[in-house]
Amino acid sequence: MATTGVPLSIVAVRAGNDIARHLGLPLRDASASVRVTDAALREAGRIARLDAIRATRAS
């Protein structure tokens, strides 16, 4: 998504989502996450610009 201008939303539906927790997003509540995303896209909510990273799992 980086450099495209297309917004990315995080829907945290399982435990241990540190990024969602750090950003203050709803945890384990998909409906609440959709409401937050909808508000942000309608410019009624908060949009955070973040640095891009690449994460890989050690093999």
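Author: Definition first: a salt bridge is a side-chain nitrogen of Lys or Arg within 4 Å of a carboxyl oxygen of Asp or Glu. This is a predicted model, where local features need pLDDT of at least 70, side-chain atom pairs count only at pLDDT 80 or more, and totals for chains, interfaces and linings use all residues. Residues are numbered from 1 along each chain as its sequence is written, and side-chain values use heavy atoms, with hydrogens and water left out.

Reader: How many salt bridges by this rule?

Author: Two. Asp18 pairs with Arg21, at 2.9 Å from N to O. Asp38 pairs with Arg42, and their closest N and O atoms are 2.9 Å apart.

Reader: Where do Asp18 and Arg21 lie?

Author: Both are in helix H1, three residues apart, about one turn of the helix. Helices here are DSSP runs (H or I, at least four residues), numbered from the N terminus.

Reader: Is Asp18 buried or exposed?

Author: Exposed, because its relative accessible area is 55% and the cut-off for exposed is over 50% (buried is under 20%, partly exposed in between; 1.4 Å probe, protein chains only). Arg21 is at 44%, so it counts as partly exposed.

Reader: And what about Asp38 and Arg42?

Author: Asp38 is partly exposed at 38%. Arg42 is exposed at 53%.

Reader: New topic. Where does His22 lie?

Author: In helix H1, which covers residues 18-23. His22 is exposed, with a relative accessible area of 71%.

Reader: How far apart are His22 and Thr3?

Author: 23 Å in space, C-alpha to C-alpha, and 19 residues in sequence.

How values were computed: Helices (H or I, at least four residues) and strands (E, at least two) are DSSP runs, numbered from the N terminus.
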